[in-house]
Amino acid sequence: MPKVYLTDKQKDISRLKENLKLMQGQMTFEQMGVIIGGSKATFSRRMKNPESLTYKEIKRLCDYFKVDISSFCGGTLKIQ
């Protein structure tokens, strides 16, 4: 089989999804929706399409979980 190479956009989306999953941990979609200032459905949509996260939602997540925004957007988070 030929190797599959991800585009930069696909890598970014994948990284955001993984970071969201790490932040979510054992929290429900409803709890995460409240954190981002939306609903369970809003958070569910953001998990499916993390590139649709607004700056305000990212800021709320990072403030709540005490994570640097640049680490969330440009790096891979690690659970401590």
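The protein contains 5 helices and 0 strands, where helices (H or I, at least four residues) and strands (E, at least two) are DSSP runs numbered from the N terminus. Its elements follow the order α-α-α-α-α from the N terminus. The model is predicted, with local features requiring pLDDT of at least 70 and side-chain atom pairs counted only at pLDDT 80 or more, while totals for chains, interfaces and linings use all residues. Residues are numbered from 1 along each chain as its sequence is written, and side-chain values use heavy atoms, with hydrogens and water left out.

The C-alpha trace spans about 45 × 25 × 25 Å along its principal axes. Of the 80 residues, 30% are buried (under 20% relative accessible area, 1.4 Å probe, protein chains only). Among contacts (heavy atoms within 4.5 Å) with a separation of 6 or more, 55% are between residues 24 or more positions apart.

Helix α2 (residues 29-36) and helix α4 (residues 55-65) have axes that come within 8 Å and cross at roughly 110°; axes are lines fitted to C-alpha atoms over the stretch in contact, and angles run from 0 to 180 degrees between N-to-C directions. The two helices, α2 and α4, are therefore roughly perpendicular to each other (65 to 115 degrees). In this pairing, M32, V34, I35 and I36 of α2 meet E57, R60, L61, Y64 and F65 of α4.

Key
Buried means under 20% relative accessible area, exposed over 50%, partly exposed in between (1.4 Å probe, protein chains only). Angles under 35 degrees count as roughly parallel, over 145 as roughly antiparallel, 65 to 115 as roughly perpendicular and the rest as oblique.
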